Amino acid sequence: MFITSDNIRKYRQVARNITEERIEIYIREAISFDLLPVVGAELMRKFDALEAATLDKSTIEQAAQLGLTPEEYTYLMGGFWTDASGVERQQNGLREAACYFAYARFVRNHATQTTPFGIVVKEGEDSNAATPQMIASVSRDAQVIGEQVLRDVAAYWKAVCEDKNTEPKRRQRHFVAIGD
């Protein structure tokens, strides 16, 4: 998997005592439901096969060693690019977008636990429960940032595909007549 809880901690605070397994659920959901529809299965499979630790130490010059083109590496990790009108732009990469989406999902669901007695909200002895409005606000903030990062990344990828005179592979929609 190309992100871990440590990657998320670079952008938002998550307590160290929260296990990787607990956060991994939200990482997988973010990849499946937020990124996959934008990126497509073929490229997402390629990215998902990469190890986060390897990516952390890599540079764009090492993209080929990872099995990626420089454009794919920039799409995943972020970087600078020049659009068709000659304006230099920066995008932060799919990896950062995935971190924000996973964090937003984690915040929305972190306090709930499913027990034999139903779904409960955990409260420690010295903790105050967050209001639903506070949780929604923090979650929405991370969601909005993730959406903006994803828009920037999509603009980069669209420009790359136009430069190569290709379009991202998408399933063609077709209609079937019903009845006579």
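**View 1. Helix α5 is followed by G78, which has a positive phi near 95 degrees.** Helices and strands here are DSSP runs, numbered from the N terminus (helices H or I, at least four residues; strands E, at least two). This is a predicted model: local features need pLDDT of at least 70, side-chain atom pairs count only at pLDDT 80 or more, and totals for chains, interfaces and linings use all residues. Residues are numbered from 1 along each chain as its sequence is written, and side-chain values use heavy atoms, with hydrogens and water left out. Helix α5 covers residues 70-77. Its buried residues are E72, Y73, T74, Y75 and L76. Buried means under 20% relative accessible area, exposed over 50%, and partly exposed in between (1.4 Å probe, protein chains only).

**View 2. Strands β1 and β2 form a hairpin.** Strand β1 spans residues 79-82 and strand β2 residues 88-91. The two pair in the antiparallel sense over four bridges; pairing requires at least two DSSP bridges between the strands. Five residues lie between the strands. In the turn, G86 has a positive phi of about 90 degrees. F80 stands opposite Q90 of β2. In a regular strand the side chains alternate between the two faces of the sheet. In β1, G79 and W81 belong to the covered face, F80 and T82 to the uncovered one.

**View 3. R12 forms a salt bridge with D141.** A salt bridge is a side-chain nitrogen of Lys or Arg within 4 Å of a carboxyl oxygen of Asp or Glu. The closest N and O atoms of R12 and D141 are 3.0 Å apart. The pair links distant parts of the chain, 129 residues apart: R12 in the loop between α1 (5-9) and α2 (20-39), D141 in helix α7 (residues 132-163). D141 is partly exposed, at 38% relative accessible area. Leaving aside neighbours within four places in sequence, R12 is in contact with Y100, Y103, D141, A142 and I145. Contact means heavy atoms within 4.5 Å.

**View 4. K46 forms a salt bridge with E72.** Their closest N and O atoms are 2.9 Å apart. K46 sits in helix α3 (residues 41-48) and E72 in helix α5, 26 residues apart. K46 is partly exposed at 33% relative accessibility, whereas E72 is buried at 10%.

**View 5. R95 forms a salt bridge with D56.** The closest N and O atoms are 2.8 Å apart. R95 lies in helix α6 (residues 93-109) and D56 in helix α4 (residues 52-56), so the pair ties together parts that are 39 residues apart in sequence. R95 is buried, with a relative accessible area of 8%; D56 is partly exposed, at 41%. Elsewhere, salt bridges that share partners join D6, R9 and R16 into one network. The salt bridge count comes to eleven.

**View 6. Y11 and Y100 form a tilted aromatic pair.** Rings of Phe, Tyr and Trp (its six-membered ring) pair if their centres lie within 6.5 Å; planes under 30 degrees apart count as stacked, over 60 as edge-to-face and the rest as tilted. Here the centres are 5.4 Å apart, with 45 degrees between the planes. Y11 is in the loop between α1 and α2 and Y100 in helix α6, 89 residues apart. Y11 is partly exposed at 33%; Y100 is buried at 9%. The count comes to six aromatic pairs. Ring pairs also link F47, Y75, W81, Y156 and W157 into a cluster.
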